[in-house]
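Keep the sequence beside you as you go.

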Amino acid sequence: WDRQLVTHGGSLNLAKTTHSTGEMLHKLFPHLRNWINIKHDIDPSGRWQSEFSANLGLATPHTAHCAA
């Protein structure tokens with residue numbers, strides 16, 4: 001369902017989805033890399049992140065559990 005939504009220009013409610021991927025998130029938000037870089041500047045140790053954000057590729061680059 002999420003892939004169909006993204007394909008047709010829809011958006012996800014991240015508070016309600018647990019099966020989205022970082023790939024989908026990057027398609028929905030083309031400037032997401034800029035946000036990740038700013039987050040890394042503010043929180044280089046990755047203290048303010050969750051397992052969910054890491055799974056979506058939002059974790060700071062050096063502490064990421066998966067590629068962003």
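The paragraphs below go from the overall fold to single residues.

This is a predicted model, in which local features need pLDDT of at least 70 and side-chain atom pairs count only at pLDDT 80 or more, while totals for chains, interfaces and linings use all residues. Residues are numbered from 1 along each chain as its sequence is written, and side-chain values use heavy atoms, with hydrogens and water left out.

Start with the fold. The protein chain has four helices and zero strands. Both are DSSP runs, numbered from the N terminus: helices are H or I with at least four residues, strands are E with at least two. Along the sequence the pattern reads α-α-α-α. The protein chain has 68 residues, and 31% of them count as buried. Buried means under 20% relative accessible area, exposed means over 50%, and partly exposed lies in between (1.4 Å probe, protein chains only).

Now look at contacts, meaning heavy atoms within 4.5 Å. Take those in the protein chain between residues at least 6 apart in sequence: 21% of them join residues at least 24 apart.

Next comes the core. Which residues make up the largest nonpolar core? They are Leu 25, Leu 32, Ile 36, Leu 56 and Leu 58, five residues in all. A nonpolar core is a set of buried Ala, Val, Leu, Ile, Met, Phe, Trp, Tyr and Cys residues joined through side-chain atoms within 4.5 Å. In soluble globular proteins, nonpolar side chains tend to be buried together. Pick out Leu 56. Leaving aside residues up to four places away in sequence, Leu 56 touches Leu 14, Ser 20, Thr 21, Gly 22 and Leu 25.

Move on to helix H3, residues 32-42. Leu 32, Ile 36 and Lys 39 are buried there. They lie on the same side of H3, because they cover an arc of only 60° around the axis. The arc is that of the directions from the helix axis to the C-beta atoms. Helix H2 is among what covers the buried residues of H3.

Charges come next. The structure holds two salt bridges. In a salt bridge, a side-chain nitrogen of Lys or Arg is within 4 Å of a carboxyl oxygen of Asp or Glu. One joins Lys 27 to Glu 23, with the closest N and O atoms 3.3 Å apart. Where do these two sit in helix H2? They are four residues apart in H2 (residues 22-28), so about one helical turn separates them. Lys 27 counts as exposed, at 55% relative accessibility. Glu 23 is partly exposed, at 48% relative accessible area. The other bridge joins the side chains of Lys 39 and Asp 43, at 3.9 Å from N to O. Are Lys 39 and Asp 43 buried or exposed? Both are buried.

A charge also meets a ring. Arg 47 lies over the face of Trp 48, at 5.8 Å from the ring centre. For a charge to sit over a ring, NZ of Lys or CZ of Arg must be within 6 Å of the ring centre and within 35 degrees of the ring normal.

Asn 55 belongs to helix H4, residues 51-55. Asn 55 is partly exposed, at 47% relative accessibility. The C-alpha atoms of Asn 55 and Ser 20 are 9.0 Å apart, though 35 residues separate them along the chain.

His 19 sits in the loop between helix H1 (2-7) and H2. His 19 is exposed, with a relative accessible area of 55%. From His 19 to Phe 52, 33 residues away along the chain, the C-alpha separation is 9.7 Å.

Leu 5 is in helix H1. Leu 5 is partly exposed, at 25% relative accessible area. Beyond its neighbours within four places in sequence, Leu 5 is in contact with Gly 10, Ser 11 and Leu 12. The C-alpha atoms of Leu 5 and Met 24 are separated by 9.9 Å, and the two residues are 19 apart along the chain.
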